Amino acid sequence: MCDALTLSSAASKPQKIARPERRQARAGMALFAPALILLVVILIFPVTVAALLSFTDYTLGRPGISWVGLRNYVDIFSGSSYRKMIVATVLYVLIVVPVSVFLGLGAALLIRSLKVGQSFYKTVYFLPVMASLLAMAIVWEFALHPTLGIVNRTLAMGCGTPVEWWSWFAHGCTEGFPLWLGDRDYALYTLAFIGIWQSFGFNMVLYLAGLTSVPSDLYGAASMDGVKRGWERFRLVTWPMLGPTTVFVVTITTIRSFQVFDTVEALTHGGPAKSTYVMIYAIYQKGIAQNLVGLGAALTVLFLALVMLINVAQRRFIERKVHYQ
Amino acid sequence: MTHRFSARQTLAHLLLILGAVIVLLPFYVMISTSFKSPAEIATGTGGVFGSQALFTDQSCTNLGGTEADCLVRPVIDNYSQAFTKAPLWRYLLNGVIVTASIFALQTLIAVPAAYALAKLKFWGRDAALGLVLFCLLIPVHAIALPIYLMLAKLGLTNSYAALIAPWVVSAFGIFLMRQFFMTVPDDLIDAASMDGMGEFAIIWRVMLPTAIPALLAFAIFSVVAHWNDYFWPRIVITGDRSLFTPPLGLREFKGDLGGDFYGPMMATATIIAVPLVVAFLLAQRRFIDGITLSGMK
Amino acid sequence: MKHPFTLCAMVLATVVATQAQAVEIQVGYAYSATFDPTFERMMQGFSKAHPDIQVTFRATYENYEDATNTVLREAVANTLPDVSFQALNRQALLVERGIAKPLDPYIAREADFETDGYHKAMLDLSTFDGAIYGLPFSVSTPISFYNMDILRAAGVETLPSTWDEVIAACNRIKVNTDKEPLYWEWNISGNWLLQAAMWSQGVPMIKDGKLNMDNPEGLKALETAKAIFQDCGMKNVVGGDAAKSLAAGDLAMFFSSTAYVGFVDRSKIGDWEFVTAPYPGINGAPQALPAGGNSSMLTSGSDDPEVLEAAWQFIKFATSGEGAAAVALTTGYVPPNKVANALLMEDFYTKNANKLTAVNQLPLLSEWFAYPGDNGLAVTQVIEDHLESIFVGDAHNMEELRDDLVEEVNALLPR
């Protein structure tokens with residue numbers, strides 16, 4: 001299954017005698033060993049500990065610890081918020097991944113087509129990736145203040161102009177523009193917007209890199225075959241050649257969106273009415289903030305199960321597409 | 001080069017400028033805020049750079065200064081507070097130490113592992129790759145507590161080691177480098193091998209030079225992530241704040257209900273973003289080539 | 001710093017070892033921006049009074065939640081500070097986990113403890129199972145913030161003293177002005193103002209370890225919340241944003257902690273008249289109100305009697321006399337200490353009348369309840385979630401909501 005992730009089109013050739021299999025096997029294991037040991041100690045072991053803790057009532061600072069079986073899991077599923085948690089998490093990912101991948105690709109194509117100003121746009125679009133999310137969250141809070149923020153102030157300038165034919169806008173003019181972070185109909189989308197803002201520059205850069213690797217003679221060949229129009233050219237040449245990049249971009253973006261945390265913690269604390277109660281925030285709130293370590297650990301286990309499930313499904317799906325071409 | 005008028009080019013520029021305006025909006029708010037007085041910030045007035053009228057600095061009167069002593073220009077006050085309230089130079093230095101150490105160690109671990117995964121056949125290779133991909137999924141928040149407990153048992157909390165050790169292995173780095181190494185032709189390795197080079201020499205003398213652009217790409221991602229990391233340092237650094245990394249400088253201006261001091265906070269945010277932006281501008285060209293994963297020439 | 005690159009723990013160890021004559025204590029507190037000036041000011045006096053005690057301040061906690069969690073983690077790592085300032089409602093947890101040490105032995109040795117301005121109501125805030133585990137440092141009470149210009153424009157002549165009057169005033173503001181009428185910070189610290197609604201009727205939120213809301217007062221508290229949310233069209237923003245609107249002159253009435261006074265003073269734009277007043281009651285003036293803020297606790301992991309004594313001296317200095325007065329001088333909080341307030345009464349409070357409201361409410365000061373057991377913090381969340389369901393319009397029948405809340409909370413509390 002991992003072969004689908006090979007971003008190279010260069011298929012590996014049969015091994016030559018120069019590097020006998022035995023030597024490769026020994027060297028391979030030796031070279032991977034440090035990483036293996038560290039991955040196990042730093043990541044796998046703590047996850048295992050978390051998995052074990054999920055069956056206990058452990059809490060920091062109290063000496064005792066007792067086995068509670070599946071109670072933490074039962075608590076999660078019998079509570080009212082777990083469904084909202086899954087909805088918020090999945091919805092966020094479903095919005096952010098396609099939009100930020102699409103925008104990243106769009107920006108890359110547009111920028112590549114420019115005669116001047118390429119590096120200016122590259123830098124600008126990459127800025128959000130470099131900014132500290134914490135500082136940016138505070139800035140967004142300013143910008144989204146219901147009456148004093150720059151966003152709603154800018155919208156209010158449109159009042160009394162023809163934009164008011166849009167009934168949503170007219171409503172905003174009379175009743176006030178939305179509380180972007182305080183209204184459960186908007187809060188998750190607002191966070192998703194910020195997530196896209198933050199991540200599409202990353203995808204743009206990956207696509208720019210992918211585009212430079214499309215051999216230009218392919219376009220020549222395509223144009224000889226009568227493929228002249230931009231869209232056809234994109235569909236028949238560029239897009240298939242970007243397949244491996246897309247796999248990488250989608251994988252990384254999905255993982256990152258599942259792990260959204262900073263903006264939620266800084267801006268909404270999972271609210272209003274649990275509409276932005278994403279899983280990582282729930283893990284943090286239960287396991288760290290409320291010191292219910294066992295419950296937080298149970299959520300971690302569920303989170304990993306969910307992400308793995310989606311990851312495998314996604315890979316199966318993409319694998320088919322990529323192999324197709 | 002002729003710059004003939006082209007409708008298509010103009011349209012592309014228009015779209016990109018519109019996007020740029022939206023992308024830059026928060027940066028505009030950040031920088032503009034760092035110029036303003038508290039009242040202008042709280043009420044969203046003051047235009048782009050604030051009126052720069054003198055105002056009474058409350059943290060100065062709180063210490064017993066008279067109103068006349070404490071009159072300051074907003075922009076000067078914000079930036080000087082960023083450096084005086086918190087030892088920001090120290091934090092920036094810590095940031096450099098921590099991010100550089102993390103990146104160096106990550107490279108040391110990830111490059112051989114990635115090479116092994118990409119170019120060597122060994123027992124359990126697929127499982128090893130699966131493990132790396134699984135590790136990619138693990139969120140730090142979920143394992144923060146067990147790692148903290150491990151560090152506590154070793155007596156390592158409140159140390160550079162605590163800031164660095166948990167990050168020395170990067171699943172992302174291994175994955176990215178492996179993807180790159182896959183594109184290096186086997187012939188190159190075979191030739192080196194026939195010249196009598198050992199695997200170690202092959203990695204550092206043959207593979208790494210070809211992989212410099214990819215490594216640069218990984219460097220930017222790693223440095224950005226750890227330079228800006230706010231979550232982990234505040235978990236492990238509970239005692240000595242001279243070990244803080246740059247984003248924790250923002251905490252200096254957190255108040256409770258009395259309100260955060262946004263002016264100096266945004267000044268701090270601006271200052272800590274500058275080194276990264278400069279680094280990006282310097283590295284930009286090679287960096288983007290670097291992630292050209294199949295772009296071997 | 002002599003050894004900037006040595007591990008922190010080692011530095012601390014060497015500092016302690018090499019400075020045998022001066023005792024070093026470590027102190028942790030939350031919210032840099034608010035309390036840095038307080039401690040800087042206090043240290044001017046402390047180092048004069050106790051030149052032999054060297055106080056090292058640790059990295060500040062980001063907030064009260066962080067304060068408790070940090071100390072819990074430090075307990076595991078064995079790196080506890082000697083003195084830690086913790087939110088009043090987090091004290092119980094640290095007592096239960098054996099991290100905070102009782103202060104009674106030290107108090108017993110003090111000859112003039114009472115004349116130093118400590119009094120029973122103040123000590124009660126930190127008394128658990130008959131022992132005193134902390135001395136309250138900076139306290140807040142809920143108060144009312146008004147924009148008098150808007151109230152006058154709306155034709156509201158007298159300041160409201162009950163919630164019914166607040167809602168009547170709100171309706172006049174809605175009719176007569178285009179300003180936002182009110183904001184009640186219902187979710188501050190989860191349920192602080194719901195506790196205020198219970199206390200103001202003279203009823204504690206917890207009784208015999210159970211949620212004490214299955215009574216008419218509990219229902220009345222929720223009905224009042226509903227009236228504030230719905231009859232008044234309050235906006236769902238966070239407290240900080242509402243405070244900004246108040247500072248900008250866009251909000252008429254704001255109900256929350258006195259700690260906001262500092263922010264409004266600093267950020268106020270325009271020359272509208274800003275006035276604070278007592279917190280509204282339910283059917284008359286409040287009979288009691290929950291205390292907010294933090295207290296200083298002895299959390300030292302040291303066995304050295306000198307260190308412990310030094311820590312005690314610091315705690316005492318911070319909570320009495322000029323040390324405690326620094327709280328009022330630098331923040332929106334007030335010190336609970338009587339002598340400290342008397343020091344300030346003539347000069348400071350006459351100039352800063354908006355800070356006096358909380359001082360006047362000090363006699364009403366009552367416990368800010370923490371919920372017992374491991375689920376304590378989760379209970380707070382459950383209550384906040386229920387309140388929110390009124391706010392967003394999901395809950396209509398307050399009696400059902402109350403029964404549901406009582407049942408769910410009691411299931412989480414220890415039996």
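**Figure 1. Disulfides of the predicted model.** Over all chains, this predicted structure holds two disulfides. One of them is formed by Cys159(A) and Cys173(A), and a further disulfide joins Cys170(C) to Cys232(C). A disulfide is a covalent bond between the sulfur atoms of two cysteines.

**Figure 2. Close-up of the disulfide formed by Cys159(A) and Cys173(A).** The sulfur atoms of Cys159(A) and Cys173(A) are placed 1.9 Å apart in the model, and the link is left-handed, with a value of -100° about the S-S bond. Because Cys159(A) lies in the loop between α6 (150-157) and α7 (167-175) of chain A, while Cys173(A) belongs to helix α7 of chain A, the pair ties together parts that are 14 residues apart in sequence.

**Figure 3. Close-up of the disulfide that joins Cys170(C) to Cys232(C).** In this link the distance from S to S is 1.6 Å in the predicted coordinates. The pair links distant parts of the chain, with Cys170(C) in helix α8 (residues 163-176) of chain C and Cys232(C) in the loop between α10 (216-231) and α11 (239-247) of chain C, 62 residues apart. Cys170(C) and Cys232(C) are both buried.

Key: Residues are numbered from 1 along each chain as its sequence is written. Chains are lettered from A and ligands numbered from 1 in the order in which they are written. This is a predicted model: local features need pLDDT of at least 70, side-chain atom pairs count only at pLDDT 80 or more; totals for chains, interfaces and linings use all residues. Side-chain values use heavy atoms; hydrogens and water are left out. A disulfide is a pair of cysteine sulfur atoms within 2.5 Å. Helices (H or I, at least four residues) and strands (E, at least two) are DSSP runs, numbered from the N terminus. Buried means under 20% relative accessible area, exposed over 50%, partly exposed in between (1.4 Å probe, protein chains only).
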